[in-house]
Each structure stands twice: as structure tokens, then as C-alpha cells.
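Have a look at it yourself before reading on.

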Amino acid sequence: MDITRRCNLRCQMCNTWKTQAAHEITPGEVRRVLAQMPRLRWLDVTGGEPFLRRDVGDLFEAVLEATPALRVLHFQTNGWFRERTCEVVDMIGQRRPELELIVTVSIDGPPATHDAVRGREGSFERALATFKALRTRGDCATYVGTTVTPFNAAQVEALGGLLRREIADFRGAEWHWNWLQVSAHFFANADLAALPALESRDLVRRHLRRRGLPRNLVELMEIVFLTNLEFYRRGEPSGVVCQALRSAAFLSPEGDLYPCHVYDRPLGNVLRQPLEDLWHSASVLQARKDIEALACGGCFTPCEAYPALAGSPVRTLRMTATRALRIAYDRRRAASQPPAVEPPLPTREIAG
């Protein structure tokens with residue numbers, strides 16, 4: 001659920017801040033829409049920057065009141081508004097202590113790289129301070145989230161070293177990776193589709209080794225995602241059925257229903273039509289068929305891959321085990337050969 005297109009940063013990989021929202025869903029509308037999903041178990045709240053909204057506390061209170069079956073609540077933030085973020089986390093912990101609350105703070109590189117990619121000086125310092133503040137709280141699981149793009153790929157390893165120096169007990173499993181995503185209706189960054197593909201194999205494999213053994217289901221899901229991501233980026237099919245318009249969907253700040261955050265196909269508006277009627281409408285039924293046929297183009301982004309992987313557990317485990325063995329075989333074979341010279345990463349001028 002996207003609650004705002006506004007953002008105080010000017011990221012190289014996202015232009016949502018350029019989009020003028022016709023409406024921002026209100027706390028009352030959130031309560032009314034979510035009350036129509038009494039069995040909702042997992043909710044992601046996103047933006048824009050959610051904590052730009054001064055009524056963000058009221059929005060999350062509406063979420064908690066309308067979702068009695070909710071078990072997992074996740075939101076992301078660029079970390080600029082530390083106090084407001086901590087206040088909301090404390091409120092959620094007090095109101096719904098049984099919830100598994102997950103917070104992702106976006107950090108895309110060491111200070112100079114992060115600030116350049118995010119388009120605002122001082123954004124690294126604020127993001128790291130927010131991550132540290134949330135990490136000390138026992139009522140939420142907090143992760144660093146890095147979007148790997150041609151703009152920062154050469155610096156992600158340096159970021160890992162910096163995080164370990166700044167936080168003595170920082171674990172690789174606290175570091176979530178995402179790859180550059182293109183979405184016309186969410187990120188408004190369709191122009192980035194022309195960027196050259198980023199070679200990801202070595203980066204992903206190093207990150208898998210750094211994460212170590214998982215301690216919970218969230219960490220296990222991340223390892224499963226990263227293991228299969230490498231093969232998807234090689235050109236192999238994801239191997240699992242997408243859950244868009246099955247167990248998952250995307251809502252814009254205006255209330256428009258989309259299959260997901262990538263597929264640019266508005267299907268109706270939940271503020272003007274009951275969700276159940278919309279869910280069973282001809283437009284949604286046809287979109288569901290088109291997704292099954294991969295008319296959407298297909299993707300393997302975390303927001304869509306996690307539900308797909310969880311929705312086919314037996315197939316996911318079998319496929320992941322096979323691919324993990326292939327990675328192990330490739331690693332053993334590579335260890336017996338002289339190291340290859342890696343080609344330079346694609347670059348693009350970063351605006352200040």
C-alpha cells in the first residue's frame with residue numbers, strides 16, 4: 001500500500017517525487033479499505049517517503065484497527081525523520097505487541113555515494129542514525145536496504161565494511177538487497193529501462209556467503225530469494241507462479257488497484273468501488289490470466305518474488321536446493337582456475 005508519492009529526496013533510480021498525486025489516501029479511507037480484507041496477514045506500507053506525512057501515526061493506527069488477522073507489518077523509510085519513525089514504531093509495539101514489525105532503512109553506499117544517489121547531502125548520516133536508533137528497540141526487526149544499481153554497485157562492498165565498523169555486532173543478515181526496478185506507475189522511472197544490465201553474479205554470491213545461516217523465516221526467505229535471483233538474471237525462468245492478483249496486489253495513494261508495483265495496469269479504484277466487486281470484475285479476471293501467460297513481462301523483485309516463493313513452498317525448496325548445488329559446483333570449479341579479469345561496471349554521470 002503506497003500512502004504518498006511525495007519524497008524529500010531526489011533519488012537517481014526513482015522519480016515518484018515528480019508525480020503530482022491527485023489524492024492521498026486518508027486514515028479513514030485506509031480503515032475502510034483494509035476492513036474489507038479481514039484475513040489480511042501481511043502488509044507492506046510504502047511511498048514516496050511515508051514519514052513526510054504528518055498524519056502518518058494516524059494512518060498506522062488505522063491499519064492496526066482494521067486488520068485483526070495481520071501478522072506481519074513492514075514499512076520502508078529513507079531515515080530522514082528519525083523521531084517520527086521511532087514514535088510510530090513504539091506506538092505499534094504498544095498497540096499490537098503480537099505483530100512481527102519489520103522496518104527497512106534505505107542506505108545505498110558510503111556517505112558520498114549514498115548522498116549522490118539519493119540527491120541530498122546529509123541523507124546518509126540521517127539514515128544511519130535512524131537505523132541505529134531502531135535497531136536498539138526490541139519490538140521491531142530492522143534492516144538496511146540497499147538498491148543495487150549501476151550508480152552504486154562499485155561501492156556496495158565498501159558499504160558493508162563501513163556498517164561493520166560503525167556497528168560492532170552488525171550481521172550480513174541485517175542487510176537486504178534489491179536490484180534496480182523499473183515501474184511507470186510506482187517509481188515513474190521507465191527511462192531507466194535503457195540502462196545496460198548490471199552483472200550481478202559475483203555480488204550476489206559474496207552477499208550470500210556474508211549472510212551466513214538464517215536465524216528466522218525472514219532471513220531464510222532472503223537467502224531463497226538471492227539464490228534464485230542469480231538464475232533469473234541469467235535468463236532462466238523464476239520457476240514459481242506469481243501471486244499478483246491472487247494473494248497480493250498493489251494500492252496507489254489515490255486508491256487505484258494494480259496487480260503489483262511493477263505492472264502498469266490500473267484495474268479500478270477501491271475508494272469508489274467495493275473491493276470484493278473489483279476483485280471479481282472482468283478486468284481483474286482478465287489481468288490474472290494475462291499474468292499467468294507472462295503478458296506483463298515477468299519479474300523477480302522482492303515485493304513480488306517473496307509471495308510467489310511462499311505460495312509454492314515444495315517447488316521453491318526443490319528449485320532452490322538444485323540451484324544452490326549449482327552455485328556450490330561453480331564455486332569449486334572456479335577455485336581451481338586462475339581468476340578472470342572482471343569487465344568494468346557500467347557508469348552513468350550522477351547529478352549532485
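**Ground rules.** I am working with a predicted model, where local features need pLDDT of at least 70 and side-chain atom pairs count only at pLDDT 80 or more, while totals for chains, interfaces and linings use all residues. Residues are numbered from 1 along each chain as its sequence is written, and side-chain values use heavy atoms, with hydrogens and water left out.

**Cysteines.** I began with disulfides, meaning pairs of cysteine sulfur atoms within 2.5 Å. I found 0 of them in the structure. Cys7 is in none, as its nearest cysteine sulfur, in Cys11, is 5.6 Å away. I then checked burial, where buried means under 20% relative accessible area, exposed over 50%, and partly exposed in between (1.4 Å probe, protein chains only). The areas themselves come from the Shrake-Rupley method, with only the protein chains shown counting as cover for residues. Cys7 is buried at 16%.

Val89 sits in helix H3, residues 82-95. The relative accessible area of Val89 is 0%, so I logged Val89 as buried.

**Salt bridges.** Side chains of opposite charge can pair when their charged atoms come close. I counted a salt bridge when a side-chain nitrogen of Lys or Arg was within 4 Å of a carboxyl oxygen of Asp or Glu. That rule gave me 26 salt bridges.

Glu98 and Arg96 pair at 2.4 Å, N to O. Glu98 is partly exposed at 46%, whereas Arg96 is buried at 10%.

Arg135 and Glu174 form another bridge, at 2.7 Å. Arg135 is in helix H5 and Glu174 in the loop between helix H6 (156-166) and strand S5 (175-179), so their bridge ties together parts 39 residues apart in sequence. I noted Arg135 as partly exposed at 24% and Glu174 as buried at 9%.

Next came Arg171 and Glu219, with closest N and O atoms 3.0 Å apart. Glu219 is buried at 5%.

I followed shared partners as well: Arg205, Glu230, Arg234, Asp330 and Arg333 are joined by salt bridges into one network.

**Positive patch.** Which residues gather in a patch of positive charge on the surface? I listed Arg10, Arg82, Arg120 and Arg126. Patch members have over 30% relative accessible area and no salt bridge, with like charges joined within 9 Å and nonpolar side chains (Val, Leu, Ile, Met, Phe, Trp, Tyr) within 5 Å. Arg126 belongs to helix H5, residues 123-135, and is partly exposed at 38%.

Last, I looked up Gln20, in the segment before helix H1 (27-34). Is Gln20 buried or exposed? Gln20 is exposed, at 74% relative accessibility.

Key: Areas by Shrake-Rupley, 256 points an atom, 1.4 Å probe, with all protein chains shown as cover. Lys, Arg positive; Asp, Glu negative; His and termini not counted. Charge placed at Lys NZ, Arg CZ, Asp CG, Glu CD. Helix = DSSP H or I, 4+ residues; strand = E, 2+ residues; numbered from the N terminus.
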